[in-house]
Amino acid sequence: MEWTADVAAGAWLADRLDDPWSGTVHDVVPRGFAAYARVLHPASRDRPVGRPWPPLPYATHRAAWEAFEASDPRIEEERVGWADVAAAFGTRLHPTSAWQDLVAPGVVVPGEDGPRDADGWRYQEPPLGELEAPTLAALARRLVEHTSTPDDGHLAVWEGWGGLLGHTGPTPSRAFLQAGDDVRHRRLLSNLVPERFRSPWARDRWQPGILPDEVSRGPRLELPHRGHVLFAAGVAELTSPDWVLRAPWRDREAETHGFPPAALSPSLVWPRDRAWVLVSEVDWDSTVVGGSAELVAALVADPEVEALPLPADARLTGD
């Protein structure tokens, strides 16, 4: 994986996108492929072991929540697929399902807690705009089988992720908070925290990002309403979850503060033969792959990913 300034390599994508936006997947997913698949980002759920959650809302049941937390309850957590979520809530999963419709029957207090099912599981929304490393690796292992150029192609990362690029301003691109050696606290603080306040005497200066300054100041792959940093890479480089160790946008400075190696998943991936394209739109809870009918069938049948065939001109903005 190497940064490239040759952003013309991705110009074909823009030629196949709808602009102005139409409201369909083709606002960000190129047209022209025989079939499309929606790869659902795994969600997560948790629940106390051997006891229920305290009641909601928090303000009304503050004493119960304080007692619950003071008891240091054991909480079990697990990843969960959308089909299992639908089964837990008695809803129906279909290719254009919206997450909020799957969990609609759950107990929800807006702004306070995730929906809960009848068995006490509390659900957290799938991550937006990115695939977890193991899920991307499983997907890549299928994609390499459907291109003649698995070792040659491109991937792109959305330029707007916090801390990725350097900028001119009075404060650093990111700051780190850390709470001793407690694993749970470090997990809570594993996201980069931007500085909220600026000193009135601070002067603007160049603030480095995760990527080298040459990349930060370099050209972007500009698609309608989105700019991306482009890299030359074959999809074969993503077939193992340890691809994050080789990603040029891996945040090595965060690692010096005790955080584990991590890298955002690519927003776009395609091989040189353009047999398919993978798109993880930053505002979506799923990734869309356009390619051959055989590829889509293979993804839908793959037990390591949760994918559904997506109709052309589908809309993912609602049910």
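Two strands count as paired if DSSP finds at least two bridges between them, and strands (E, at least two residues) and helices (H or I, at least four) are DSSP runs, numbered from the N terminus. With that in hand, S8 and strand S13 (residues 268–271) pair in the antiparallel sense over 4 bridges. This is a predicted model, where local features need pLDDT of at least 70 and side-chain atom pairs count only at pLDDT 80 or more, while totals for chains, interfaces and linings use all residues. Residues are numbered from 1 along each chain as its sequence is written, and side-chain values use heavy atoms, with hydrogens and water left out.

- Strand S8 (residues 153–158) has 6 of its 6 residues buried, so the rest of the structure largely encloses it; buried means under 20% relative accessible area, exposed over 50%, and partly exposed in between (1.4 Å probe, protein chains only).
- Gly 153, Leu 155 and Val 157 point one way, His 154, Ala 156 and Trp 158 the other, and all are buried.
- On the S13 side, His 154 sits opposite Trp 270.
- S8 also runs antiparallel to strand S12 (residues 226–232), joined by 5 bridges, and Val 157 has Val 229 as its bridge partner there.

**Helices H5 and H9**

- Helix H5 (residues 133–143) packs on helix H9 (residues 293–301) at about 140°, with the axes 10 Å apart; axes are lines fitted to C-alpha atoms over the stretch in contact, and angles run from 0 to 180 degrees between N-to-C directions.
- Leu 139, Arg 142 and Leu 143 of H5 meet Leu 295, Ala 298 and Leu 299 of H9, contact being heavy atoms within 4.5 Å.

**Salt bridges**

- The structure holds 16 salt bridges, each a side-chain nitrogen of Lys or Arg within 4 Å of a carboxyl oxygen of Asp or Glu.
- Arg 142 bridges to Glu 145, with the closest N and O atoms 2.9 Å apart, and to Asp 302 at 3.2 Å.
- Asp 302 lies in the loop between H9 and strand S16 (307–310) and Arg 142 in H5, so this pair ties together parts 160 residues apart in sequence.
- Arg 142 is partly exposed at 23% relative accessible area, whereas Asp 302 is buried at 5%.
- Glu 159 and Arg 220 also meet in a salt bridge (3.0 Å, N to O), linking parts of the chain 61 residues apart.
- Glu 159 is partly exposed at 29%, while Arg 220 counts as buried at 15%.
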